Structures are given as structure tokens and as C-alpha cells.
Amino acid sequence: MEKTINENGSATTEPFSLGLPWVSHGLLDMEIVVEDASLYGREDGFLRIDLYPRVRPLVHERHFGFWDIPLKRIRRKRNSARLDLNRGVMEIGWNTPEDPSWTAPGLRIPFREAGNVVVHFSHWHTGGKEPRMIRVQSYSLLLVGGSGKQELDSPLKQIHIPVTDTCNLACSMCPRNNEHYPAATSHMAPGVFEALLEEVPNVSCVMIMALGEPLLYPQVVEVVRRCRERLPATGEVGITSNATLLDEAMARNLIHAGLGFLYASVDGATPQTYERYRIGASFAQTCANIKRFTTLARESASACRTMMNFVMMDGNVEEIPDFVRLAAMLGVENVTFSYEHGHHSDELNTFGEARLDKLLREAIKTGADLGVNIGVPPVRRSPVERCFCTERVLTSPDGGVYPCPMLQPGYNPDGLVMRFGNVLEKPLGEIWESEAYQSFRSGVLSGRFPQECAHCGFKAYLTP
């Protein structure tokens, strides 16, 4: 088998892969490469191609669709395919007498949305009672709409609402320790939430988060409720929290208000490691809070999902597999692993490719055994740098608008800031459509990153 380099940076020998363009107008020409000849002509499986929008993908109505390629139709290493998203039809083959085209069976949801798309390419085994996914790879695609713009762009789909910059912990890895972080912290200024709420009906997701702990904000439940009321039916509101203040009353109130997901930051699988980083927190109490939340969500028949994130650092990286086991014990359905912010270097993997790859592979296997969905970042740099900040805006408690966390005050270790306006002075929609903001998005999507992005490692280590 040949060694392939995927857009997620994985340089490994893969049994199958996709050759995709970065930009598509809805007619997608691709190459299906099947390196493993033992898959050719088999009766016990198929390859599946799924397409989802990057933001808010877990709603059935926002799924582009899936198309299945029976292994019995695979006879060679390279197979051409064309997916017409307008008609929902995938044709495979070279359309010659020797290799006539055929249509892949599938299901297309009546949905088409410009912007960043995640493409999953998976192998399914059908030898048992239920089809079982054996392996999956993910790719990125930019679907361009028919706006007539010459430059690449993507629509606004996610708003981060910064209810507070105050926090009850003193975490050692927090960007708040950055020398450039503003000394003064505060709750969201009067008028900021009302200004942001005007744009909420036009997006798919609202994230309640900032550099503080959202549950310290007295009106946080009301913010969740009002966002949920204004969002489209297929949209959702989520919150990022350290979960230390997630007592029973808060949990019930958030669920009742319509919270779509809780993203809990927990950076250790043992009390010693967790409390070393999350200074001021109790491991036992945080775990009890999360366990109670997942239980209450199930008992109330809520669709609210619970996720836990683990920031990988020198002192906790060996606990990656155990973190998945901890999540399963707490009733958490989804786990993500992320690199640490605040590096002066754009090399984020300081653990070594082989070491981290082994730990993350064990985490994925453990998740499969325990029924926990695992999201992992690449362990090596991607040969092509991409960034998906172009569909969201981040705001500060004073109403400032920024394109990504690394360009907000306090996050960047070099003190770099990129600000496009303030919602107390101009509507968010106008700021988004401003010439300066459009130019920034076009440059990023085209791979022409501004100087402020030069030393950001996340564009080389983003999960597809």
C-alpha cells in the first residue's frame, strides 16, 4: 500500500482514501482510492461517503446525505466519482464501455448549505446482525454558494456570547495567565446581549463562553432560554463550563431552558492531575456534578448532550485513555482532546508523534468499547494549512468582535489582537459584511493568512 497524507495531517498507509478538491460549487469530482486489494469484490461490506456542515452537524435535517459503495463493485485501486449535490446523485466509473458508470445508492436530505463541510469516508462490515463501522477518515470541503462573489467566503453560522470574563479557578494553563491578558475582568456590558440576540435567528449555533466561567453570570439561564427561543428549529445553544458550579438547581434550570449541549473542561482522569491544573477545584465534586447532569438530562428526556474536553499537557497526556473511561463512568457521550493554547511556537505537538498517536488510538478503541464518541486532533502537522474560524464570531464582554480566540485580547502569547468592531456601535450583521472582515475571511479561505496568523499552530493541527 502507498503512504498517503490526508488533509488532517495523517501520513499513514491507509486501506482507502478520497481525493477531493478544497472548493466546490455543488458538483464534486473526486477519486476513490482503495489500496487494500483484499476489499475488492467482497460481499460483506461497503464504503460510505457522508457530508455534514461543520457547524451544528448532529441534526438529521442538516445532513447533506450519504452514499454507499458496495465493495462488490470495487475492482481496482482508483475509481472516479462525481457527486451532484443539487440532484443528490453520485455516479461512479469512467463512463466507458470497459468501465460504465453506475449510481451509488444513498439517502439525500433536502438540504444544501454553503460553507465548511465535513466529509466522512468510512468502511462498514455487514457480516453480523447490524452493519458495523470498521474505520473512518474525515476530510474538509468548502461549499461555495451562488452569491456571485469573486472571492471565497462563508456565511455566519455561530456566535460566541461572552457572558463574563470572571472565573472561580486559577488554572495553570489558562490564557488568563498571559502577560497580555487585561487585568480588569467583568460581566457582559449592558446592551451587548440584546445586540447579539438580533443576529441569533440567522445562525445555527450559539456558544456561551469567554475567558471566564459562564455559570458565574447571574442571568446565564435566562441567556440560554432567550437564545433557544430565537434560534431556528435546527439550531442549538451550548455552554462551555468548568462544571464546578453545576449544582442540581443549575443543572435542572439549564436543561429546562433548552440547553443543547454542555461542554465541560476536565483536564485529568485522577484527582492529583486534575487538581494540579484546575487550581481551586475538587475532582470529586466536579465529577459528581457532571454525573448528576447527565442523569438529569436522561431522566427529563432532554436532547441535551454532554461533552468533556481534555487539554493535552506534559503532566496529563498519559491519562488520555483513562479519561475516556472516566467519561463513560460519568455518563458522558462525547470526549474531545485538544492542544494547549498560548504557545509562542506554532508546533503544538510537544509529545512526539509516535507517543501521542499510540495514546489517542487507545482512547479511540476504548471509546468504541464503551460507547463514547471520541474526537482527536491530528498528531502531526498538515501539509495544507486550513482554518475554520470563518463561520463564527467571538465577542468580548464589552461588545468587541473578533474572528478567533487566538486574536482576542489575552489569548495570543505575543499580544496580537484583531478586532472588527463593536456591537454597541454597529449591528453584528453589518460588522460581518464589512469590507475588512470579508477580506480577512477570503484570505483565510484562500490560504493567504494575515501576518497575525503566522505563528498560530492551530491552522496546521485542526481536526478535519
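A crossing of two helices is called right-handed if the near helix is turned clockwise from the far one by less than a right angle. The legends below use this term for close-up views of a predicted model.

**Figure 1. Helix 3 against helix 5 in the predicted model.** Helix 3, which spans residues 248-257, and helix 5, which spans residues 283-299, have axes that come within 10 Å and cross at roughly 40°. The two helices are therefore oblique to each other, and helix 3 passes helix 5 in a right-handed crossing. On the side of helix 3 the contact is formed by Glu-248, Ala-251, Arg-252 and Ile-255, which meet Arg-292, Phe-293, Leu-296 and Ala-297 of helix 5. Sorted by class, this contact of helix 3 with helix 5 holds 5 nonpolar and 3 charged residues, with no polar residue among them.

**Figure 2. Helix 2 packed with helix 3.** Helix 2, made of residues 220-230, packs with helix 3 at an angle of about 15°, and the axes of the two helices are 8 Å apart. Because angles under 35 degrees count as roughly parallel, helix 2 is described as roughly parallel to helix 3. Helix 2 contributes Val-220, Val-221, Val-224, Arg-225 and Arg-228 to the contact, while helix 3 contributes Met-250, Asn-253, Leu-254 and Ala-257. By class, the contact of helix 2 with helix 3 consists of 6 nonpolar, 1 polar and 2 charged residues.

**Figure 3. Helix 6 and helix 7 in contact.** The axes of helix 6, residues 320-329, and helix 7, residues 353-370, come within 8 Å and cross at roughly 20°. Helix 6 and helix 7 are therefore roughly parallel to each other, and their crossing is right-handed. From helix 6, the residues Ile-320, Pro-321, Val-324, Arg-325 and Ala-328 meet Leu-356, Leu-359, Leu-360, Glu-362, Ala-363, Thr-366, Gly-367 and Leu-370 of helix 7. The contact of helix 6 with helix 7 counts 9 nonpolar, 2 polar and 2 charged residues by class.

**Figure 4. The second largest cavity and the residues that line it.** By class, the lining of the second largest cavity has 5 nonpolar and 3 polar residues, and no charged residue takes part in the lining.

Definitions and conventions
Residues are numbered from 1 along each chain as its sequence is written. This is a predicted model: local features need pLDDT of at least 70, side-chain atom pairs count only at pLDDT 80 or more; totals for chains, interfaces and linings use all residues. Side-chain values use heavy atoms; hydrogens and water are left out. Axes are lines fitted to C-alpha atoms, for helices over the stretch in contact, and angles run from 0 to 180 degrees between N-to-C directions. Helices (H or I, at least four residues) and strands (E, at least two) are DSSP runs, numbered from the N terminus. Angles under 35 degrees count as roughly parallel, over 145 as roughly antiparallel, 65 to 115 as roughly perpendicular and the rest as oblique. Contact means heavy atoms within 4.5 Å. Ala, Val, Leu, Ile, Met, Phe, Trp, Tyr, Cys and Pro count as nonpolar, Asp, Glu, Lys and Arg as charged, and the others, Gly among them, as polar. On a 1 Å grid over the protein atoms alone, a cavity is a set of points where a 1.4 Å probe fits but cannot get out, and a pocket is an open set with protein on both sides within 12 Å along at least five of seven lines; lining residues have an atom within 4 Å of a point.
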